[in-house]
Amino acid sequence: MRRRLLIQVMAVAALPLFAAPAFTAGEGGGGGGGGDTPKCKKGEVWDKKLKKCVTPKYGMLDDDNIYEAGHDLAMAGRYDEAIAVLSLAANKQDPRILNYLGYSHRHSGRITVGLGYYEEALRINPDYTLVREYLGEAHLQMGDLAGAREQLREIEKRTGKGSREYGMLADQIDHFMRS
């Protein structure tokens, strides 16, 4: 599994070398930058330090900027662009980066690739409940209700039933059960 994940990470990391991705920050909701980030034209991403849109290059942006731009792209449904941006991160073991790589791959139809990123993020930080929520959704996509319920129990154990992640996954499970 680790070898497969390493190969996948290496393949994704090479993506920016072969594609000219487009970036728009500021779209999407919740966490990591929200809607107050200015929108950039195609091929650029917002750099908070410089306070302007720039063409991203490996090592040019810090991982927080990369995370925020990748998060915003993923939330905007621009998954391949999110993958390209997130792959620029210097810290390939940042659970936030791994989480949104998993999210973007999963929403692009590469569920098993996404699972690998989620599992790696949880290996590093087992208490990252947002990863657990997304992992539960991935299990539902594969028809694995038991796997989704296991993630719901893990979230409850860590944050209780009142957390956002618990509520979102519980709703997804209820919807799955009704359909």
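**Reading the helices and their neighbours**

Tutor: Let's start with a pair: α4 and α5 are roughly antiparallel to each other. Keep in mind that this is a predicted model.

Student: How do I read a pair of helices like that?

Tutor: Two packed helices are described by the angle between their axes and the distance between the axes. Here, the axes of α4 and helix α5 (residues 111–124) are 7 Å apart, at an angle of about 165°. An angle over 145 degrees counts as roughly antiparallel, and that is why α4 and α5 get that label. The crossing of α4 past α5 is left-handed.

Student: Which residues of α4 meet α5?

Tutor: On the α4 side they include Leu98, Leu101, Gly102 and His105, and the α5 residues they face include Val113, Gly114, Tyr117 and Ala121. Take Leu101, which sits in helix α4. With a relative accessible area of 6%, Leu101 is buried, since the cut-off for buried is under 20%.

Student: How far is Leu101 from Gly116 in sequence and in space?

Tutor: They are 15 residues apart along the chain, and their C-alpha atoms are 9.6 Å apart.

Student: How buried is helix α3?

Tutor: Seven of the eight residues of α3 (residues 79–86) are buried, so this helix is largely enclosed by the rest of the structure. Tyr79, Glu81 and Leu86 are among the buried ones.

Student: What about Gln151: where does it lie, and what does it touch?

Tutor: Gln151 is in helix α7 (residues 145–159). At 8% relative accessibility, Gln151 counts as buried. Leaving out residues up to four places away in sequence, Gln151 touches Leu122, Arg132, Leu135, Gly136, His139 and Leu169.

Student: And phi angles? How do I read those?

Tutor: Most residues other than glycine have a negative phi. Now look at Lys51: its phi is near 60°, a positive value in a residue other than glycine. Lys51 is in the loop between β1 (45–47) and β2 (52–54).

Student: Is Lys51 buried or exposed?

Tutor: Lys51 is exposed, with a relative accessible area of 63%.

Student: Can we zoom out to the whole chain now?

Tutor: The protein chain has eight helices and two strands, in the order α-β-β-α-α-α-α-α-α-α. Of its 179 residues, 50% count as buried. The chain exposes about 8900 Å², and carbon and sulfur atoms supply 54% of that area. Among contacts with a separation of 6 or more, 51% are between residues 24 or more positions apart.

Terms used
Residues are numbered from 1 along each chain as its sequence is written. This is a predicted model: local features need pLDDT of at least 70, side-chain atom pairs count only at pLDDT 80 or more; totals for chains, interfaces and linings use all residues. Side-chain values use heavy atoms; hydrogens and water are left out. Helices (H or I, at least four residues) and strands (E, at least two) are DSSP runs, numbered from the N terminus. Buried means under 20% relative accessible area, exposed over 50%, partly exposed in between (1.4 Å probe, protein chains only). Contact means heavy atoms within 4.5 Å. Accessible areas come from the Shrake-Rupley method with a 1.4 Å probe; for residues, only the protein chains shown count as cover. Axes are lines fitted to C-alpha atoms, for helices over the stretch in contact, and angles run from 0 to 180 degrees between N-to-C directions. Angles under 35 degrees count as roughly parallel, over 145 as roughly antiparallel, 65 to 115 as roughly perpendicular and the rest as oblique. A crossing is left-handed if the near helix is turned anticlockwise from the far one by less than a right angle, and right-handed if clockwise.
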